[in-house]
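The following paragraphs walk through one chain and its fold. Please keep the sequence and the model in view while reading.

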Amino acid sequence: MAKTAMKSAKKPTAKTAAKPAKASAKPAAKVSAKAAAKPAAKATAKAAHKVKAKPAKKPALKLSMLKPSVNNMTVRVFARAAGLDAAETDAWGHTRSPEFMARNPAHLTPMIEDKGLPRGVLWESCAIMQYLSNKHGLEKFYPKAPAKRAMIDSAMFYLVGTLYPYVARATYPFLGFPQYAGEVGHSDAHPDKKSEAQKAAMAAIAEPLEVFHSFFRDGKPFIGGKNPSIADIRLAATLEFLAVIDYALPKWAKEYVAAVEKKLGKAYAEPAADVRGYIAYVKSQAKT
Ligand SMILES: N[C@@H](CCC(=O)N[C@@H](CS)C(=O)NCC(=O)O)C(=O)O
């Protein structure tokens, strides 16, 4: 993964190296007309300076991600919706490589790289969205007022700490993702026991889901109010996984995900297509 990231970082440098050759050819012609007034060496230096003034546009943000993951989809949607220029590196199969682990011992994606961070990298989808919102003053997604912000934080912590573990236990066996150590799904228990545990997790989803609706949305279109906040991006993305088990989402939840997608447009649809495509693939494999 680190190698891939380095490769993509090197590309613009190669392009940049090609451009000055062209650019310096043009000013050279102009230079000959003015040669009497200015020495060629000075003119060439000026031309080189002109080229330097237009550096190749570098992506502001490096994001290591896995396309089928809703944790990753969350940050991919957010980066697009917030207009942040993110260079995505597909970390599939690389998260436990020595290069990746040296930077991120938790081997988790999404992961961003940013010079301002004390350790250079940051993982955890919600922490990434909070950091980027703070850094770029994106109050539309993450309000500054303490009470409003606290509700967004509460919704996200509740999602990561309560809803997501149920979603993972219910869907990971079908997604082909490894389950968490210490859980029935991860053990060598009889398949009937694993199926029982999966069904129990699936049944447990309804309660926290309803809490998002009745408590956090509280009659508003989104947890954030009129517009989707980072908590809404996190929730809508999470619900995408439930399609793999044909979970019967309540009407409000279907309309809610559709509303988040409508508001965010391509910013949502593009990363969602990767998750949906993976689910469609997994389901097609299960049928054969
Ligand atoms: N709570 C974390 C979960 C991150 C996570 O579980 N990432 C998984 C993909 S869904 C991962 O990168 N796994 C790769 C590995 O453990 O090697 C978040 O919201 O970012």
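Y172 is a buried residue, because 20 other C-beta atoms lie within 10 Å of its own. The cut-offs are these: a residue with 20 or more other C-beta atoms within 10 Å is buried, one with 12 or fewer is exposed, and the range in between is partly exposed, with C-beta atoms placed from the backbone. This is a predicted model, in which local features need pLDDT of at least 70 and side-chain atom pairs count only at pLDDT 80 or more, while totals for chains, interfaces and linings use all residues. Residues are numbered from 1 along each chain as its sequence is written.

Y172 sits in helix α6. Helices (H or I, at least four residues) and strands (E, at least two) are DSSP runs, numbered from the N terminus. Leaving out residues up to four places away in sequence, Y172 touches F177, Q179 and G185; two residues are in contact if their C-beta atoms, placed from the backbone, lie within 7 Å. From C-alpha to C-alpha, Y172 and Q198 are 9.2 Å apart in space, although 26 residues apart in sequence.

R169 is also part of helix α6. It counts as buried because it has 23 C-beta neighbours inside 10 Å. Apart from neighbours within four places in sequence, R169 is in contact with E183, G185, A197, Q198 and A201.

P178 counts as exposed, because it has 9 C-beta neighbours inside 10 Å. Its C-alpha atom is 9.7 Å from that of A168, which is 10 residues away in sequence.

Now take the chain as a whole. It has 11 helices and 4 strands. Of its 288 residues, 30% are buried. Among contacts with a separation of 6 or more, 66% are between residues 24 or more positions apart.

In soluble globular proteins, nonpolar side chains tend to be buried together. A nonpolar core is a set of buried Ala, Val, Leu, Ile, Met, Phe, Trp, Tyr and Cys residues joined through C-beta atoms within 7 Å. The largest nonpolar core here has 60 residues, and V77, F78, A155, I230 and A236 touch the most other members. Helix α6 (residues 146-175) supplies the largest share of this core, 9 residues. With residues up to four places away in sequence not counted, A155 touches F212, F216, I223 and A231.

How do α6 and helix α8 (residues 206-217) pack, and at what angle? The angle is about 170 degrees, and their axes are 11 Å apart. Axes are lines fitted to C-alpha atoms, for helices over the stretch in contact, and angles run from 0 to 180 degrees between N-to-C directions. α6 and α8 are therefore roughly antiparallel to each other; angles under 35 degrees count as roughly parallel, over 145 as roughly antiparallel, 65 to 115 as roughly perpendicular and the rest as oblique. On the α6 side the contact is made by M151, A155, Y158, T162 and L163, and on the α8 side by P208, L209, F212 and F216. By class, these are 8 nonpolar, 1 polar and no charged residues. Here Ala, Val, Leu, Ile, Met, Phe, Trp, Tyr, Cys and Pro count as nonpolar, Asp, Glu, Lys and Arg as charged, and the others, Gly among them, as polar.

The ligand is the next stop. Around it are L66, S69, N71, T95, R96, H107, L108, T109, P110, E124, S125 and V160, where a residue is near a molecule if its C-beta atom, placed from the backbone, lies within 6 Å of it. This shell divides into 4 nonpolar, 6 polar and 2 charged residues.

Most residues other than glycine have a negative phi, and most peptide bonds are trans. A cis peptide bond joins T109 and P110, with omega about 0 degrees. P110 is in the loop between α4 (98-103) and β3 (111-113), and H107 lies in the loop between α4 and β3. H107 has a positive phi, near 50 degrees. With 16 C-beta neighbours inside 10 Å, H107 counts as partly exposed. The C-alpha atoms of H107 and R96 are separated by 5.8 Å.
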